Amino acid sequence: MKEVISLFLIYMLFLLSSLLLYKKGLQMKKSSLYFYIPAYFVSLYLYFELINYLHVSFRERGYFIEFGHASVGLILLMIISIVTGLLLVIQLFLKRKRINK
């Protein structure tokens, strides 16, 4: 059960930060936005690398959170987060296009 709660909290933290960055992306200049989007996806990757590092270091200290064989739960959560990020970027472009008309 603690695995589900952990995955839920990891996703909620990602979603909250993504929505805050989405709102900031609506106010950015177009030239800044082209730097922001790749930086967003790099930070998403680094976020999940940090989560994986914490998972391994907790396991070495004797605190076990099982995310499945080869951390399948974390891998699936990362895929879901990347898809969510892609949808937010598409929504950002569509909303900016609609605002600028």
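## Helix α1

Seven positions in α1 are buried: Ser6, Ile10, Tyr11, Phe14, Ser18, Tyr22 and Gly25. This is a predicted model. An α-helix has 3.6 residues a turn, so residues three or four places apart point the same way.

Helix α1 covers residues 2–27, a total of 26 residues. At 1.5 Å a residue, α1 should span 38 Å. Its end C-alpha atoms are 38 Å apart, so expectation and model agree.

Glu3 belongs to helix α1. Glu3 touches Ile65, Glu66 and Phe67, leaving out residues up to four places away in sequence. The chain also brings Glu3 and Phe64 together from 61 residues apart, with 9.5 Å between their C-alpha atoms.

Leu26 is in helix α1 too. Leu26 has a relative accessible area of 24%, so Leu26 is partly exposed. Beyond its neighbours within four places in sequence, Leu26 is in contact with Leu92, Lys95 and Arg96. Leu26 and Phe93 are 67 residues apart in sequence, yet their C-alpha atoms are 8.7 Å apart in space.

## Helix α2

Helix α2 runs over residues 30–60. It has 31 residues. From first C-alpha to last, α2 reaches 45 Å, close to the 45 Å expected at 1.5 Å a residue. Just after α2 comes Gly62, with a positive phi of about 100°.

Which residues of α2 are buried? They are Leu33, Tyr36, Ile37, Tyr40, Leu44, Tyr47, Phe48, Ile51, His55 and Ser57. These buried residues pack against α1 and α3.

## Helix α3

Helix α3 takes in residues 72–100. Its 29 residues reach 42 Å from the first C-alpha to the last. That is close to the 42 Å expected at 1.5 Å a residue.

The buried list for α3 is Gly73, Leu74, Leu77, Ser81, Thr84, Gly85, Leu88, Val89, Leu92 and Arg96. The charged residue Arg96 is thus found among the buried residues of α3. What covers the buried residues of α3 includes α1 and α2.

## Aromatic rings

How many aromatic pairs does the whole structure hold? A search finds five. In one of them, the ring centres of Tyr47 and Phe48 are 5.3 Å apart, with the planes at 80°. Planes over 60 degrees apart count as edge-to-face, so the Tyr47 and Phe48 pair is edge-to-face.

Both partners are buried. Tyr47 has a relative accessible area of 18%, and under 20% means buried. Phe48 has a value of 6%, so Phe48 is buried as well. Elsewhere, ring pairs link Tyr36, Tyr40 and Phe41 into a cluster.

## The largest cavity

One cavity of 30 Å³ or more turns up. How much space lies in the largest cavity? The figure is about 50 Å³. Its lining is made of Ser18, Tyr22, Tyr36, Tyr40, Leu88, Val89 and Leu92. Helices α1, α2 and α3 each give two or more residues to that lining. The largest share, three residues, comes from α3.

The cavity lining divides into six nonpolar residues, one polar and no charged. Several names return here. Ser18 and Tyr22 are on the buried list of α1. Tyr36 and Tyr40 are on the buried list of α2. Leu88, Val89 and Leu92 are on the buried list of α3.

## The largest pocket

The largest pocket holds about 150 Å³ of space. Which residues line the largest pocket? The lining is Tyr45, Phe48, Glu49, Ile51, Asn52, Ser71, Leu74, Ile75 and Met78. Phe48 is also a partner in the edge-to-face pair with Tyr47.

Helices α2 and α3 each supply at least two residues of the pocket lining. The most comes from α2, with five residues. By type, the lining holds six nonpolar residues, two polar and one charged.

Methods
Residues numbered from 1 in each chain as written. Predicted model: local features only at pLDDT ≥ 70, side-chain atom pairs only at ≥ 80, totals over all residues. Heavy atoms only, no water. Phe/Tyr/Trp six-rings, centres within 6.5 Å; stacked < 30°, edge-to-face > 60°. Buried < 20%, exposed > 50% of the residue type's maximum accessible area, 1.4 Å probe, protein only. 1 Å grid on protein atoms, 1.4 Å probe; cavity = no way out; pocket = protein on both sides within 12 Å on 5 of 7 lines; lining within 4 Å. Points joined across faces, edges and corners; volume = space filled by probe spheres on them. Helix = DSSP H or I, 4+ residues; strand = E, 2+ residues; numbered from the N terminus. Expected span 1.5 Å × (residues − 1). Contact = heavy atoms within 4.5 Å.
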